[in-house]
Amino acid sequence: MVEDEVLLAKRLATALDHAGYAVDCAVDGERAHVLGHDEEYDAVVLDLGLPKMDGLTVLRQWREAGLTMPVLVLTARGSWHEKVTGIDGGADDYMAKPFRMEELLARLRALIRRASGQVNPELRCGALVLDPRSGEVTLDGDIVRLTSHEFRVLSYLMHHCDRVVSQGELTQHIYAQSFDRDSNTVEVFIARLRRKLGPSFIETVRGLGYRVKARP
């Protein structure tokens with residue numbers, strides 16, 4: 001999340017955290033540029049009017065470097081030609097300030113869902129359903145209580161069902177950069193999820209990582 005207005009940045013970070021996202025924050029374009037190259041993000045919320053390097057320049061340099069993460073531009077520049085410039089510069093979506101937080105979260109969910117190849121708002125694997133909108137997980141219609149990190153692990157695996165996800169990739173996506181990232185804790189979360197969902201739901205691919213298989 002790249003935003004130089006301190007109060008808005010705090011509000012955004014809090015809302016994203018409550019919605020189940022691990023959030024890295026940057027307050028200027030140079031920092032955003034570095035983070036975008038160093039980390040593999042599921043999505044970016046990017047302001048355009050930034051100090052040190054403007055957001056459109058950051059975005060264009062990301063795209064020129066081949067970085068494909070979805071980018072939602074959030075800016076006070078609301079004219080149609082500025083929107084066109086932002087989208088042509090590599091943005092996937094565009095919101096003008098002021099905005100409703102609920103709409104921003106909905107747009108982010110859609111961007112992440114499409115980027116991972118999912119078409120339905122709810123993620124389904126057999127009798128298991130995860131709703132990113134409400135943060136609710138059900139198994140055979142019964143609610144499954146998960147901690148925030150368990151939810152992040154399960155959500156990431158279900159967004160990328162049928163693909164083997166390494167411990168390192170999971171660690172990177174469930175913790176913000178400011179946390180002391182320990183890949184060993186992923187094993188703990190996987191073990192807890194298996195106790196709650198059943199031992200066979202998450203497959204271990206020896207030496208590679210974990211996989212959730214899509215089921216009819």
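Tutor: The lining of the largest cavity divides into 24 nonpolar, 7 polar and 8 charged residues. Here nonpolar means Ala, Val, Leu, Ile, Met, Phe, Trp, Tyr, Cys and Pro; charged means Asp, Glu, Lys and Arg; the others, Gly among them, are polar. A cavity is a set of points on a 1 Å grid over the protein atoms alone where a 1.4 Å probe fits but cannot get out, and lining residues have an atom within 4 Å of a point.

This is a predicted model, in which local features need pLDDT of at least 70, side-chain atom pairs count only at pLDDT 80 or more, and totals for chains, interfaces and linings use all residues. Numbering runs from 1 along each chain as its sequence is written, and side-chain values use heavy atoms, without hydrogens or water.

The structure holds 1 cavity of 30 Å³ or more. The volume of the largest cavity is about 670 Å³, counted as the space filled by probe spheres set on points joined across faces, edges and corners. Its lining has 39 residues. Tyr21, Ala22, Asp42, Ala43 and Ile112 lie nearest the centre.

Now the elements around it. Helix 2 (29-38), strand 1, helix 5 (101-115), helix 6 and helix 7 each supply at least two lining residues. Helix 6 gives the most, with 5 residues. Helices (H or I, at least four residues) and strands (E, at least two) are DSSP runs numbered from the N terminus.

Buried means under 20% relative accessible area, exposed over 50%, partly exposed in between (1.4 Å probe, protein chains only).

Take Leu170. Beyond its neighbours within four places in sequence, Leu170 is in contact (heavy atoms within 4.5 Å) with Val153, Tyr156, Leu157, Val165, Val186 and Tyr210.

Next, the loops beside the lining elements. Pro98 sits in the loop between strand 3 (93-96) and helix 5. The peptide bond joining Lys97 and Pro98 is cis, with omega about -5°. Lys52 is in the loop between strand 1 and helix 3 (55-64). Lys52 is not a glycine, yet its phi is positive, about 75°. Most residues other than glycine have a negative phi, and most peptide bonds are trans. Lys52 counts as exposed because its relative accessible area is 63%. Ala176 lies in the loop between helix 7 and helix 8. Ala176 counts as buried because its relative accessibility is 7%.

Last, confidence. The mean pLDDT (the predictor's confidence in each residue, from 0 to 100) is 88 for the protein. Of its residues, 94% reach 70 or more. Strand 1 (residues 44-46), one of the lining elements, has the highest confidence, at 96. Confidence is lowest in helix 4 (residues 80-88), at a mean of 74.

Key:
1 Å grid on protein atoms, 1.4 Å probe; cavity = no way out; pocket = protein on both sides within 12 Å on 5 of 7 lines; lining within 4 Å.
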